[in-house]
Every structure is written in structure tokens, then in C-alpha cells.
Amino acid sequence: MEQVTDHTLASARKVIAVHINYPSRAAQRGRTPEQPSYFLKPSSSLALSGSSVERPAGCELLGFEGEIALVIGKPARRVDIDDAWSHVEWVTASNDLGVYDLRYADKGSNLRSKGGDGFTPVGPALLAADGIDPERLRIRTWHNGSLVQDDTTGDLLFPFARLIADLSQLLTLETGDIILTGTPAGASVAKPGDLVEVEVSGADLSTGRLVTRIAEGATPLADFGARPKTDDLQREEAYGSREAAGLAAPAPALSPELKAKLESVCTATLSSQLRKRGLDNVSIDGLTSTRPDKRIVGLARTLRYVPNREDLFKAHGGGFNAQKRAIDSVNDGEILVMEARGEKGTGTIGDILALRAQVRGAAAVITDGGVRDFSAVAALDMPTFYANPHPAVLGRRHIPWDTDITIACGGTTVQPGDIIVADADGILVIPPALAEELADDSIAQEREESFIAEMVQQGHSVDGLYPLNAAWRTRYQEWEAGKAHE
């Protein structure tokens, strides 16, 4: 078994890294790419096992990512997937190190954040590619002796051969080039004094542990370049979660208390309060509910359909498409809102996917398009708001395109995280920043209207009563005080 040597490092004219490739990492990041995407690391970032790497002075977040590295054995240019693996000579372990403090600096190229000297250790042993099954490899990472990453290549989003074939379409993979194939969930942050180890194994073969020690840099970054800058979002991404980063959970946009307040008032009342604030275009219009007896409050998740074009539907309509991804990721209490452009000539959801949304805990589904399998959808406890029933499938008029973006539905704009309130009167989109004040004022308005209704019932004229003039307001305040003592 050969070892990674200085000659191995010197032979690499380029190092190419894949952004997201393991389903566990995609789930952690909350996004699953349709196609692989890449970035370059300089060959000067390569280092041998046992080396030390500096966390730059003034930086906080040096992330480590255990990865499987492929070493190209013969040039690959426009190769097919079936032939791609034959261009790989060696497989070894790697650690894709990067400083999150500098992620902002190069707009996605990762040059400064991941290109530092020593930021790509590889080794220690090289496994002959022709002697292993690329779909039966295991990657493990230890941080100060604790196992933090453990995954296999059996269900990669983009198998190794696909990566090689894809890259070779536009550039020549040269002998000695190294491809980093993505990291599973569990990547985190290393601090000076820490030890990170990575191992790749398959069958009875192992690379041995790639050892990297973390040291503190002594030379601050100069003022004439990008300076370290971080925030809680970068900490969360570097550590993998807010909890792991030691951050408090964010305050929910829709707390149980706020949800209860909004459930207690009618959309007609909320609409009048929104109008007082200059918001007239916040209703989703023209839809009917399968459960008009229910008042629904929840946070919006969004799905956009675009007009069908046969060549694009072939690429985006099949498999685990955007429609299925949206429905399969909706969370308890959320409302899936679909943009179907008011197109009534096909269905946008049917019985199986509506049932899946209900099982996931969705509060409702809202679409300004058609619904298939209408009787079955209408029988569900979960309300669906729809334009009309229609038997046709998506491909007649729509392509499911993307999720969790700003959309248009029923004549208004909906953003992910907007608060949706819907009842028999209609559907409102409430900006989260206004929701608490809006709910309190709506509750107060309905209390006032209860008094007015009581006075009308007693035979009083609405003149001066609706709305309240000064005299009637005094009587209302007395009425309200009396209610408080009951």
C-alpha cells in the first residue's frame, strides 16, 4: 500500500471540492441540490498527515470536514459515467478545512476561507481505486478522540463517477488532480490545541487515520485585505446547529401565545386592522376551503410552479421533484402555499401528497390552481384551499420548479415565514413583524364590536354607535369595566 508523499502533493495541479453530496449533510443544511456544484482549492493548501494547520490570528471558526479524496490517474476529458471511474488511480482521506470568518469575502469562491496553507491535508495511505467499490466506502472523523462523522457512500447524491464525468465536460482532469467528494453531517469547529483525524475504509482496506493538529496563528490579517467577520448564522453553520454552537434557540415567529390570539379573531377583523396600517394587498383571493368550518393559523412554506415546457418537465418534473420535496419537508403547523398562476386546467396536489402533508403535520395547503382526487382531499382533516377540482396531472400545465422562495398566490405576494390566517371569510398574509400588535388590536376591536352588537340588539340606532362617538365610547368603557369584574 502506497503512502501520500510530497511527490503526491506536488503532482496535483488543481484541487476541486464538491459543496454538498451526502444526504445527511443536505438535511443538516436544509437544502438538497439538483446538480453538483464545485469550488477550487489551491494546491498550496495540500498537506501531509501529521501536519499542523494554523487558525488565522483573530479568527474564531476554523471548520473541519472529513472527506474522501480521489486522485486522478489518467487525464479525463468528456468521459462517460460508465468510463469515469477508470480515470481514478487512488482513494485517500482528506480534511477540507475552512475559516467561516472569511466566507463573506469572496462571494462563494471560498478562496480565502478554504484556500489557506495546510487547509487540505490528505493521506496517510493511498488505496488503489481498481481494488475497491466506490459505493461501499466508509468515512469517519474524530475530534479530540470522539467520533463525530460516520457515513458511507451507498446513497450519495452524486456518485463519484458522475462527479468525474460532469467535471470532465468542461475541463481536463489531469494526472495527480485531487477531487474532494463532500462531507457528511457532523462537521464542526476545531480550536487551537485540538486534534482532528479522518479515516476512509472499505472491505479490509483502510487509509489509516489522517492526523491534523490545530495551532493558533500569530500574525494578524492586514488591514488592506478582508478582516475576520462572523455572526450567529456563521456560528450555526460552522458547528452544524445552534445548539452545538451554544446559541439560544431563536424566538419563534409564531409563538403558541400569538397563535392563540390570531385564532381568536376573524380574518375580517384582521383585514380591517391591516388596512389601517396601509396594507390592502395581503389577501389570497378566489379560493375555496375543503374545511370552511376551521380557522387556520400557521407559517408559510412556499412552492412555485412554472408553465409547462416539455423539455424542462423532463428534467424537473420527475423523481423527487420540487413539489415532492416541499410536501416531504413541511413541518408541524406550517402551511404550504403554492403558486400556480391561477391556472385551473390541471391539478397541483392530489390525495397521496395531500395525505403526506397531513401526516407531516401541515396546518393546511393553499393553491391557486386545481386539486385532483378532490373527494379524497376534501375528506382529510387538513384543510386545502383551492381554485377548482381538476382531474389532470401536473405535466399538462405546470412544472414544479422551486421551493421556499417569494411567490405570488391568489393575487398577493407570499414569503416563507409569513403568517397565514384563513377562515370562512378568506385568507390573509400577515408580515411577522406586525403580527403581535395586529392580534392585540384585533382582539380589542372585536371586544368593542361585541358591545356594539349588544347595543343594537337592545334596539339602539347605529348612528353614533357604529363607529363609537365620544358618548358611546364612555359607555363602552363602563361596559368593559363591568365585564372585567364579572
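**Figure 1. Confidence across the predicted model.** The protein has a mean pLDDT of 93, and 99% of its residues reach 70 or more; pLDDT is the predictor's confidence in each residue, from 0 to 100. Because this is a predicted model, local features need pLDDT of at least 70 and side-chain atom pairs count only at pLDDT 80 or more, while totals for chains, interfaces and linings use all residues. Residues are numbered from 1 along each chain as its sequence is written, and side-chain values use heavy atoms, with hydrogens and water left out. Among the elements of the protein, strand E14 (residues 178-180) has the highest mean pLDDT (98) and H14 the lowest (86). Helices (H or I, at least four residues) and strands (E, at least two) are DSSP runs, numbered from the N terminus.

Figure 2. Let us start with helix H5 (residues 160-168), which is mostly covered, with 7 of its 9 residues buried. Here, buried means under 20% relative accessible area, exposed over 50%, and partly exposed in between (1.4 Å probe, protein chains only). Among the buried residues of H5 are Phe-160, Leu-163, Ile-164 and Leu-167. The buried residues of H5 pack against helix H3 (81-84) and several strands, including E2 (15-18), E7 (66-72), E8 (88-95) and E14; contact means heavy atoms within 4.5 Å.

**Figure 3. The largest nonpolar core.** In soluble globular proteins, nonpolar side chains tend to be buried together. A nonpolar core is a set of buried Ala, Val, Leu, Ile, Met, Phe, Trp, Tyr and Cys residues joined through side-chain atoms within 4.5 Å. The largest one has 31 residues, and those with the most contacts inside it include Ile-68, Trp-85, Phe-160, Ile-164 and Leu-173. At least two residues of this core come from each of E2, E7, E8, H5 and strand E16 (195-202), and H5 gives the largest share, 6 residues. Leaving out residues up to four places away in sequence, Leu-173 touches, among others, Ile-16, Ile-72, Ile-164, Leu-167 and Ile-179. A second, separate core of 21 residues includes Met-338, Leu-353, Val-365 and Val-371.

Figure 4. Rings of Phe, Tyr and Trp (its six-membered ring) pair if their centres lie within 6.5 Å; planes under 30 degrees apart count as stacked, over 60 as edge-to-face and the rest as tilted. By this rule there are 6 aromatic pairs. The rings of Phe-451 and Tyr-476 have planes at 55 degrees and centres 5.4 Å apart, so this pair is tilted. Phe-451 lies in helix H13 (residues 432-457) and Tyr-476 in helix H14 (residues 470-484), 25 residues apart, so the pair links distant parts of the chain. Relative accessibility is 1% for Phe-451, which counts as buried, and 9% for Tyr-476, also buried. Phe-451 forms another tilted pair with Trp-479, at 5.3 Å centre to centre and 55 degrees between the planes. Ring pairs link Phe-451, Trp-472, Tyr-476 and Trp-479 into a cluster.

**Figure 5. Two charges over rings.** A charge sits over a ring if NZ of Lys or CZ of Arg is within 6 Å of the ring centre and within 35 degrees of the ring normal. The charged end of Arg-209 is placed this way over Trp-142, 3.5 Å from the ring centre, and that of Lys-229 over Tyr-104, 4.1 Å from the ring centre.

**Figure 6. Phe-313 in helix H9.** Phe-313 belongs to helix H9 (residues 310-316) and, at 24% relative accessibility, counts as partly exposed. His-398 is 85 residues from Phe-313 in sequence, yet their C-alpha atoms are 8.1 Å apart. Setting aside neighbours within four places in sequence, the contacts of Phe-313 include Leu-394, His-398, Ile-399 and Pro-400.
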